[in-house]
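Subject: Structure for your attention

Dear colleague,

Please find the structure below, followed by an account of what was found in it. I would be grateful if you would read the two side by side.

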Amino acid sequence: MQGSSNNSRNSNLTDQAGEPGSIFNQSDSLRRRSSSSRRSGSLSCVASDLVLGSIRLSHELADHILADVDSSALAQIGDSGDRVVEEEEEIDSNVMISTVTDEAFVMLEGLRPTDAVSPLAEEPIFSTSKEDHAQLVKTASTKDKQYKLPHTLDYCAYLIHLSVFGFLGVFTRYLLQKLFGPGHLALTSDQTPLYLDLPSNILGSFLMGWFGIVFKPDLRHVSEHLAVGITTGYMGSLTTFSGWNQKMLLLSSKGHWMFAVAGMLLGMLIVNESITIGVESAEGLRKKFNCKLINWKVDTKGRHVAVTATMLFSMVTIWVVSCVLAVVKVHHLTNGAVLWLGCVVAPPGVWTRWYLARLNGVGIGKKSHLKWFPIGTFLANVIAACIMAALSVISKAVNTERSGVILSGIQLGFLGCMSTVSTFVAEVYTMRQSGHSGRAFIYAASTVMGSFLLGTCIYSVPVWTKNYY
């Protein structure tokens, strides 16, 4: 039986081997599979090329949108400082430029490759260009009709909004330090590249993508004071560049150079990704939920008076309470002394940064060179970083508990609010999205490396020479 079964299997194999058609069928099947895989591979390559072409097209369309916009306007997207008050008084010459800057950038973020008729078209054609232009004209004409406060009251209203939202920014930053710091979640510390202010910088950069880029025209439509208060006041005070720079100086002064370099690189990458996610998520919400804020618009005298009075009462209340608690807690050296002292000195820090922001887009010299460079934000960050480094040296030299608390309060409040990461990263993001990656790199590198090198001279050198450890 076994012999017969073996013979039958051998005969079957012999028959199959003897049939030339079966061999050809197998080889044809293999060729078809190989050809199919090659076709699918070539199709995937074509699809990849189309995707890359669409990305390149989107950048070309972005350049087309912003071709007629002055580079100084892009430098002012993050913050234009108290020049906004002067712009309101010169509506005929400046309101259209200011509106186009914000709306054009929002259009850029919502741009899709399908908005163009063809990748080979000589001129990109937008399906909504006429509607967008009509909306801009309507917005400009609406601003002409709305009630405006007198110059002095208008300027004071901006300062009041900046103060109130600056207080909120300091509170949020301090709470995030405590929450993610060694006392609770222990995710950040002074000994690793994940510095204490990293969570607040991430949150502030994310919110900047929302309210500083995508929804900023909507906020401005409601109230210019509200837009400045939220972007410059709250998010500018929530984030801090000087605190970030000082933590890297602490690491490098102790010989942890790799940690310091990693902290700068990771910090820059994380906040850039945060604002990108913020913009993309806000764009998705904007397309899905078309909210109308016309009923909330502050355009009458009564509404201006009511809002300004409410914000003034809030500012005075918070400031008085902060002063009282700061005096008591600093005297007794109890918990919360740094926070309340920081709140006392926070408003001057916000005001200083807002005033320096008027230099954004102005340029250098009589011929206004480097108008694309946000000089105001750059100076605010670098100066605050240098002052913080100097105060840290003084704190180590004096080396008393009360002086340490006072200097820490100044660093948290005044210097933390004077410097900003949210506006800084928004300016870098704007340069990149407008097709000026080189400018974005130069601006980011000059701010980060310039502050670190100056801080090394001010802080690290005395620490090394005087043995302040």
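Where in the chain does Leu185 lie? Leu185 is placed in the loop between helix H7 (151-180) and helix H8 (198-214). Please note that the model is a predicted one. Leaving aside neighbours within four places in sequence, Leu185 is in contact with Leu179 and Phe180. With a relative accessible area of 45%, Leu185 is partly exposed, because that value falls between the limits of 20% for buried and 50% for exposed.

Overall composition

The chain has 18 helices and zero strands. Of its 469 residues, 46% count as buried. Among contacts between residues at least 6 apart in sequence, 80% join residues at least 24 apart.

Annotated spans

An unreviewed UniProt entry places the feature "transmembrane region" at residues 155-176, 196-214, 256-279, 305-327, 333-351, 372-394, 406-429 and 441-461. Two of these spans may be described further. Residues 155-176 are 100% helix and 0% strand in the model, and their end C-alpha atoms lie 32 Å apart. Residues 441-461 are likewise 100% helix and 0% strand, with 28 Å between the end C-alpha atoms.

Helix pairs

Two packed helices are described by the angle between their axes and the distance between the axes.

The axes of H7 and helix H13 (residues 301-332) come within 9 Å and cross at roughly 45 degrees. H7 and H13 are therefore oblique to each other, and H7 passes H13 in a left-handed crossing. On the H7 side the contact is made by Ala157, Ile160, His161, Ser163, Val164, Phe165, Phe167 and Phe171; H13 contributes Val307, Thr308, Met311, Leu312, Ser314, Met315, Ile318 and Trp319. By class, the residues of this contact comprise 12 nonpolar, four polar and no charged.

For helix H14 (residues 337-356) and helix H16 (residues 401-418), the axes come within 6 Å and cross at roughly 30 degrees. The two helices are therefore roughly parallel to each other. H14 passes H16 in a right-handed crossing, and their contact has 16 nonpolar, six polar and one charged residues.

Helix H15 (residues 375-398) and helix H18 (residues 437-466) have axes that come within 9 Å and cross at roughly 15 degrees, which makes H15 roughly parallel to H18. The crossing of H15 past H18 is right-handed. Residues of H15 that meet H18 include Thr377, Phe378, Asn381, Val382 and Lys396, while those on the H18 side include Tyr443, Ser446, Leu454, Tyr459 and Val463. The residues of this contact divide into 13 nonpolar, seven polar and one charged.

Most residues other than glycine have a negative phi. Against that background, which values does the model give for Ser368 and Leu370? Phi of Ser368 is near 55 degrees, a positive value in a residue other than glycine. Leu370, which is not a glycine either, has a positive phi of about 55 degrees. Ser368 is located in the loop between H14 and H15, and Leu370 lies in the loop between H14 and H15 as well. Ser368 counts as partly exposed at 26% relative accessibility, and Leu370 is partly exposed with a relative accessible area of 40%.

Yours sincerely

Terms used:
Residues numbered from 1 in each chain as written. Predicted model: local features only at pLDDT ≥ 70, side-chain atom pairs only at ≥ 80, totals over all residues. Heavy atoms only, no water. Axes fitted to C-alpha atoms, helices over the stretch in contact; angles between N-to-C directions. Helix = DSSP H or I, 4+ residues; strand = E, 2+ residues; numbered from the N terminus. Parallel < 35°, antiparallel > 145°, perpendicular 65-115°, else oblique. Left-handed = near helix turned anticlockwise from the far one by under 90°. Nonpolar A, V, L, I, M, F, W, Y, C, P; charged D, E, K, R; others polar. UniProt positions renumbered as here; feature names shortened; annotations may be inferred. Buried < 20%, exposed > 50% of the residue type's maximum accessible area, 1.4 Å probe, protein only. Contact = heavy atoms within 4.5 Å.
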